[in-house]
Amino acid sequence: MEQEEGLPISDLISLLWRRKWLFLLSTFLLLLASLIVVFKIPPTYRATGQILVEQQEIPTQWVNSTVASYADERIQAIGQRVLTTSNLVSLIEKLGVYNQERYANNLSLEALAARMRQNFSVENVRASIRDRNTGQTASATVAFRISFDHPSPEVAQDVATELVNLYLAENVQSRTKAITDTRQFLESEADRLEKSLAQIEEKISVFKEENLGALPEHQSLNITAYQRTEQQIDEIDRTLDSLGERKIILEAGIDSARRFLESGRSNTDTVAEADPRQVRLETLESELSNLESRYSDEHPDVIKKRREVAALREQIATEPEYPGRVDTTIVNAVSEQGDSSLVRLNTELASAISEEDSLRVRRNDLVGKLAELDVLINKTPEVEREYKSLIRDHENTQAKYNDIRGKQNSARVSESLELEQKGERFTLLEPPLLPEIPHKPNRKKLSILALGASLFSSFGLIFGVDWMQGKVRSVRQLERASGVPMLASIGNIVTQSDVRKRSRRRLLFLSLILIFLGALAFMFNFYEIKAEDVNPAEIKRFFNSWLDKINLPVLNRG
Amino acid sequence: MVEKIKLALERAYKEREGNSQKTVSTTVSLSEPKVEPQSIGGTVTGSFTHSLTDSRYSVVDTDKLARNRIVTYDDTNEHAESFRLLRTQLLHYIETAGVSTIGITSPAGSDGKTIVSLNLAISMVRSSDINVVLVDGDLATPSVDKLLGLDVTFGLVDLLNNHVGLSEVLQRVSIPNLWIIPGRREAVNLMDKRHASRVEELVDGFSISDRSIVIVDLPPVLGRDDTLAFTTYLDGILLVVQEGETKTEEVERAMNLLKQCNVLGTVLNKSTQKQSTR
């Protein structure tokens, strides 16, 4: 007993044998029907144009194109732009692509454009390319094919040619546009940067003006000036000290001289006539102190006056006797001598006072200047920070500006590259030719497919019929259904009359098949009936009429 | 009903006791007729306690048998081997399990029950010294007589109705050890419970001889309720199934109906399968 489930091969073979007529008939009919369909499919022709994607001729190390997208991407983008409905509609109208459908079926132009898109195809030709720089292998599009399918080969060629031209034109246009866009962008960017540079520069100059003296670069100068002023103040202070001491000495001198004179006068009432030279000296000295208060020590007027004073003092010292009054009395002489020294002392004191005054004024000036310098020095760090940020702004903008300028230059080169057609470009490698062999359908392949499908479905049919009947076909089935062993299987007991009947039927059937085949051969040979012209309805009628006459065993069963 | 059966039984026993020397009896012993003008081969052995004096006798025509697909009288026939295989298995049952009455039926009609029954019966008598009583149990459409070319005056119906005795119904043909209880065509009657009990009686009577086997050619199981009345009294049932004709579902239904009976096995008729080697 066979234990395995499912259908063993022998069961399948016996099924096939049992249903051979149904199988053959079904296969034949299905094959016929499918072959008719296969040969009825209208042919479609495909016209194909090939466009080469030429790489840039000048090495990219030297000149880079400003068109940045990859060829694949661009082909796609161009496709979108070429296949606009308006483009396609104008093609449909110009070439009359779908005239039949348009007028017979009243299809809208949009529907026709959609159909055109379906019949159109782009195929990229890729090649494996080894990058010279990185050494990696990459696949790159080296060319692409544009195809158009149409029942008419001429129309297919026309449309394909038009589409190829559209692609080429659109590529040039898009590249030119890309370049112009780049250039314009760079120009506007440069302008903007130039303006902002000017603004920053203006700001810097205003700032400099506002913070004159407090700018970082003045810092060291200010410090030096501060130190010098301090020194000057110190000097003045020292001078003032010595002047003070002198004043005290002078005042003491004047005091004692006055006392001496008081005592002398009380002895002699004679009042000594004043020496004219002494008067003259006093005048000069007052003039000198006046000058000194106004000018520095080095001033020529001051020097000159000093010299005069010194000369006169010399004269007075060497010639104590006034030449005009030689014969005066000693008292007179002493009185005269005391008077003159008093005058001298007084003059000196006055000069010291005036000098002190002038020095004090000068010191005040210097102290004021020192305060100013202090303010400036303290302000500098703050100013410096602000100033530096301004400078930084300026530097940054300047760098950007320089960069943009550089790019503008390379864009200009790239533009001339494109305009002179030296960049990557599409070249028509192979214009669409008039197709001679239909692209679709592949009748040979389809026929084989049809045969396979017919055999398969016929097998399915007989299997299904068998299954539907659910009759006992094997020992296995019987034992499974009954649950008891099969004791014996008895073959079909054939009597002589059975044999006679069978052979008669077989003979009849064979002869009918021969007649049918002969008639078929006759039809195909003598009338050269093409398979495409066979009307399926006629075949069916023909078969039905014969089936009625032939007592096919398959039809008798069940 | 029960009363009637009792009466019948009593009468039968009386008949047996009273007329033990008479041939008309429900209890029948089988023996060879003295004269056998056209015996179709085979050796006849065995001893019989009773003799049958009034048995009808027919000579069968071998050509007719061949036309009617009865092939087991010819040992060289290709199908005889299949029947021999079946017979051997059945004899095994007969010897080991005490089976002596075998009903042959099928799920639906025209599966070749009668042909199988006849072939089997002939195959059995030709191989051993057993007596085989072939009963045409299909009361509605009897066909054994037709296949063998018998003249039928009284049939099983008459026996069941107690119209006649067994010796008037029992027929012999020119095949040794084969006894036939044919059906009568005119009496189209279905079996009922009363008949069934009579069958039991008959079967018991046949079983007196330990070297005899009763083969009942039964009507189909499905669509007929009388078959089941018969099968209850039989030791074993054979289900004939025709390949490519009987549905598996019918087999299942038939088996379901026969689940009270001892179904020995099935016989696949008109098979294209190779002979099972069991």
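Mentor: Across the interface of chain A and chain B there are 2 salt bridges by the rule applied. This is a predicted model, so what follows is computed from predicted coordinates. One salt bridge joins the side chains of B:R69 and A:D498, with 2.6 Å from N to O. Polar contacts between chain A and chain B come to 13 residue pairs, counting pairs with both residues at pLDDT 80 or more. On the side of chain A that touches chain B, α13 (475-482) and β5 (486-491) each supply at least two residues. The residues on that side of chain A divide into 12 nonpolar, 9 polar and 4 charged.

Next comes the extent of the interface. The size of an interface is often given as the accessible area lost when the parts come together. Here chain A and chain B bury about 2,900 Å² between them, and 59% of that area lies on carbon and sulfur atoms. A:L487, A:I490 and A:I493 supply 28% of the area that chain A buries against chain B, more than any other three residues. In residues, the contact takes 25 from chain A and 42 from chain B.

The helix packing inside the chains can be set beside this. Two packed helices are described by the angle between their axes and the distance between the axes.

In chain B, the pair is helix α3 (residues 80-97) and helix α4 (residues 113-127), whose axes come within 9 Å and cross at roughly 70°. Angles of 65 to 115 degrees count as roughly perpendicular, and α3(B) is therefore roughly perpendicular to α4(B). On α3(B) the contact is made by B:F83, B:R84, B:L86, B:R87, B:L90 and B:I94; on α4(B) it is made by B:V116, B:N119, B:L120, B:S123, B:M124 and B:S127. By class, this contact of α3(B) with α4(B) has 7 nonpolar, 3 polar and 2 charged residues.

In chain A, the axes of helix α1 (residues 9-18) and helix α12 (residues 443-469) come within 10 Å and cross at roughly 95°. The helices α1(A) and α12(A) are therefore roughly perpendicular to each other. From α1(A), the residues A:L12, A:L15, A:L16 and A:R18 take part, and they meet A:F459, A:I462, A:F463 and A:D466 of α12(A). The residues of this contact of α1(A) with α12(A) divide into 6 nonpolar, no polar and 2 charged.

Methods: Residues are numbered from 1 along each chain as its sequence is written. Chains are lettered from A and ligands numbered from 1 in the order in which they are written. Side-chain values use heavy atoms; hydrogens and water are left out. Axes are lines fitted to C-alpha atoms, for helices over the stretch in contact, and angles run from 0 to 180 degrees between N-to-C directions. Helices (H or I, at least four residues) and strands (E, at least two) are DSSP runs, numbered from the N terminus. Angles under 35 degrees count as roughly parallel, over 145 as roughly antiparallel, 65 to 115 as roughly perpendicular and the rest as oblique. Contact means heavy atoms within 4.5 Å. Ala, Val, Leu, Ile, Met, Phe, Trp, Tyr, Cys and Pro count as nonpolar, Asp, Glu, Lys and Arg as charged, and the others, Gly among them, as polar. Buried area is the accessible area (1.4 Å probe) that two parts lose on being put together, summed over both. A salt bridge is a side-chain nitrogen of Lys or Arg within 4 Å of a carboxyl oxygen of Asp or Glu. A polar contact is a pair of N or O atoms within 3.5 Å; within protein, one must be able to donate a hydrogen and the other to accept it, and residues adjacent in sequence count only if both atoms are side-chain atoms.
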